[in-house]
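Dear colleague,

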Amino acid sequence: MAVAYPQTDNSSSTTQIPLVYEDQEDEANLSRSLNHLETFLRVFGFCQYSFLSIILSWLSFLLLGIALPAVMIKYLSYCTDCEKYQINTFEIQVLVFQSLVATISLVCISHSLRKYGARKFLFVDRYHGHLAQFRDEYVKKINGFFRLLVTWVLPFLVLKIIREAVRVVYAPHHSWGQSVAILIALVVSWTYSITVYLSGCALFNLVCNFQVIHFENYGKLLERDLDITQYIEEHIRLTHYLSKISHRFRIFFVLELLVVTASQIVAIFQTTWHSEILNLINGGDFVISSIVELVGLIISLHAAAKITHRAQGTGSVAAKWHSIVTCAYDDTSQVETGSNCGSSEAANPGHLIHINYSESDLEAVDYVPVPTTTQLASYMSTYHKRQSFGMYLNHQ
């Protein structure tokens, strides 16, 4: 007698295996990107997790960012007819403000990293970041952090090299070997300082961009048939993270704003009061450093404005969602009472509403989805909840 063995369906297991591999690959990509970011921060002295790392970080900063350029400026001052090619008061003031903005960036960012750790500081840990849902977006934003630094550091580095090379050519008061050594020392010190400064601004931009991902996803939550309390809880969570970001970066932003403003005022007065002829050689450092400081400030302001725009836009999104649910229910009620005209549009006006977020704030338009059938059926019981939800968002 033949025995019939039960047949097993392997279709579900075969479909789950690629999903598991894909999930592991996404997790590996995110971990790799975060490791690259943390390695970069460690190289420039931001990751001060131990006493030894603190000593090495600040020793490197004092040597490369302050002592080396100060010695080079002192060394370059021993020449005849230097006013045409170098004004020592300009060089010293540029060094002072350049060191101040780099110090503020290093102190504030290293303190937060030491206190919270890299993942928690960036809000990409498992308790804050919803890793499984936003891994790809996180990787793209981290790559954007490096692109942002390269985009701004490289042009300024080229300008700095050209300026120093021109000064070496027109003021060869040392041997060519000494002149090249001085040029390399000044360029390395300057690149280190501005990278530390711009890295702090770019990190603030990165943290804000991570939260922008969550605010853009918040509109998509309205596609789901969830209880109003879940929408409110999610919004409370997002605003709580915004308050944390504001608290962590408030001192950094205020101090950078004050120092950059003071440096611009000093630059204006120094250049207007100087009685000698100014040119791009003796006054070039003022121009380059002023542009770098303003760029860092603009990066921070742009990030703050972007996340503020997204946060304030949730009230508008909720109001549109509430009005669409209400109007769609009224249209459906009219169709059910006997009016057949335009029933397809009343029941499913999905072609009118969609979600489309652009990278540019000027092009970004917030749309909300049409409510589901369950939301329409429970309209009378949820109307006041939606109304209170909209009022809550508008008063944030």
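This is a predicted model: local features need pLDDT of at least 70, side-chain atom pairs count only at pLDDT 80 or more; totals for chains, interfaces and linings use all residues.

Residues are numbered from 1 along each chain as its sequence is written, and side-chain values use heavy atoms, with hydrogens and water left out.

The average pLDDT (the predictor's confidence in each residue, from 0 to 100) is 77 for the protein, and 67% of the residues score at least 70. Over residues 1-8 the pLDDT is below 50, and this stretch has 0 contacts (heavy atoms within 4.5 Å) beyond near neighbours in sequence. Residues 333-368 also have a pLDDT below 50, but there the model has 45 contacts beyond near neighbours in sequence.

The structure holds 16 aromatic pairs (rings of Phe, Tyr and Trp, the last by its six-membered ring, with centres within 6.5 Å; planes under 30 degrees apart count as stacked, over 60 as edge-to-face and the rest as tilted). The Trp-58 and Phe-61 rings have centres 5.7 Å apart and planes at 85°, so this pair is edge-to-face. Trp-58 is partly exposed, at a relative accessible area of 23%, whereas Phe-61 is buried, at 1% (buried means under 20% relative accessible area, exposed over 50%, partly exposed in between, with a 1.4 Å probe and protein chains only). Both residues belong to a cluster linked by ring pairs, together with Phe-40, Phe-44, Phe-145, Phe-146 and Tyr-192.
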